[in-house]
Amino acid sequence: MSQPRVPHREAPPITCDEPDSFPWQVFHERHPVLIRRILEAVPYGQAERQAFAALLRESRQDQVAPLSPEAPDFDLWQVWGKEQFGRSWQQQRFLWAESYFYRRLLQAGGYFADGGWRGVDLFAPFKHAELDAPAFTADLTALDHQHALAEGEREQSLLMTAVWGNLADLGFTIAGKGPEETGALAADESDRLWPLLDGGLVTVVADNSGRELLADLALVDHLLAGGRAGEVSLLLKPQPYYISDATPRDVLDCLDRMTAAAGAAAGIGGRLRQALRDDRLRMRTHPFACAPLGYRDMPADLREEFAASALTIMKGDLNYRRLADDRLWPPTTPFAEVTAYFPGPVAALRTVKSDVVTGLDAETAAELDAADPSWRVSGTHAVIQVATPRDRE
Ligand SMILES: O=P(O)(O)OC[C@H]1O[C@](O)(CO)[C@@H](O)[C@@H]1O
């Protein structure tokens, strides 16, 4: 098999070992808050509470323990973690360590064990609260206004809502940030996105459930209803992950809310339910959706699926980190160069919430750094970036 193309000069990977860096803050500040919130929301017993505390300790000061051989995904992690187990968490790449932390969080909550907590989504209370929040109701109503717009304006508005919906990420709101104020686009290649949609297959790699998923589903409906896509494959997480990441259950919950609402939301929900019945919309999960690796290392079946898509839309910050192999690229490194290994056209719709940035023009990068050195993690900016095989020739 041919090796994926990599850029000429490889940038340094983001690691967890620098005190006060963004990864350090995630492990030392966000994770304790996350575990406290989980324990407030879910009445776990002693064994689970101790397991959460032990995971927090281990991930901040110890070596990475492997999974037990009884774990259903033991074999996968033997491959994904063969160089990481037994080394300290601080020495790991951020991408790997954070992903493994979420895997172990499920284990601490008894998700994989025989017993009462098996299969219980420990993030469900937060996801349900988001569906019940006034902001979600307001988003449902906002679909009526979008619906009333002229065609061109409507689709650009749906795209922008899907971009900024990415701020409604429960990991981000734990850090006290919210999706209420949208900022500016640091890169906008949306004019290159629409012409790629030729009525064929579009793959949408989803990110968060709740408000972001609502926006993504509205966009999917628009693609299908307007003939921009003949079919849509929605790639979801096979298990709870990164707090609010969408699973098939979350899609069904969101559709229920939409069809129970009035106006445009109900229409969209109804059409999408029908599209699921007709197989024009397919929900898909894949173990690699929760892998601690970049897309450069994707397995052959996923590669084939992306290759067969007229466009793959990657939602959110983590998908962007995975596309760019979670490295500190000079921000002017072309997005197409960093994603040169990708087997088909790809578009990233992402609010910038971590250090990885590519594809900016030099002036924009300099201005953003000068105006606010923390702009890469504050969610004040977003990007719409597109790369096609032709860009990579
Ligand atoms: O939901 P998203 O957009 O993928 O963001 C995931 C978040 O988690 C992080 O990995 C930090 O925990 C950031 O990269 C990002 O803010």
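Which of the 15 residues around the ligand come nearest? In this predicted model, Gly316, Asp317, Leu318, Lys353 and Ser354 take that place among the 15 residues around the ligand. Two helices, α8 (170–174) and α14 (316–323), each supply at least two residues of the shell around the ligand, and α14 gives the most, with four residues. By class, the shell around the ligand divides into six charged, five polar and four nonpolar residues.

The protein chain as a whole contains 17 helices and seven strands. Its C-alpha trace spans about 55 × 50 × 45 Å along the principal axes, and its radius of gyration of 20 Å agrees with the value near 21 Å that a compact globule of 393 residues would have. Of these 393 residues, 44% count as buried. Among the contacts in the protein chain with a separation of 6 or more, 81% are accounted for by residues 24 or more positions apart.

The protein chain is divided into domain 1, covering residues 22–122, and domain 2, covering residues 131–392, and the centres of the two domains, taken over C-alpha atoms, are separated by 26 Å. Contact between the domains involves 16 residues of domain 1 and 20 residues of domain 2. On the side of domain 1 that touches domain 2, at least two residues are supplied by each of α1 (22–41), α3 (74–80) and α4 (94–108), with the largest share, seven residues, coming from α4. The class composition of this side of domain 1 is 12 nonpolar, three charged and one polar residue.

Within the strands, β6 (residues 346–351) is mostly covered, in that six of its six residues are buried. Val346, Ala348 and Arg350 point one way from β6, whereas Ala347, Leu349 and Thr351 point the other way, and all of these residues are buried. Strand β6 is joined to β5 (residues 311–315) by four bridges, the two strands running parallel, and in this pairing isoleucine 313 has alanine 347 of β6 as its bridge partner. Strand β6 also pairs with β7 (residues 381–387), here in the antiparallel sense and over six bridges, and the bridge partner of leucine 349 in β7 is isoleucine 384.

Definitions and conventions. Residues numbered from 1 in each chain as written. Predicted model: local features only at pLDDT ≥ 70, side-chain atom pairs only at ≥ 80, totals over all residues. Domains from an automatic or database assignment. Contact = placed C-beta atoms within 7 Å. Nonpolar A, V, L, I, M, F, W, Y, C, P; charged D, E, K, R; others polar. Near = placed C-beta within 6 Å. Rg over C-alpha atoms; globule rule 2.2 N^0.38 Å. Buried ≥ 20, exposed ≤ 12 C-beta atoms within 10 Å, placed from the backbone. Pairing = 2+ DSSP bridges.
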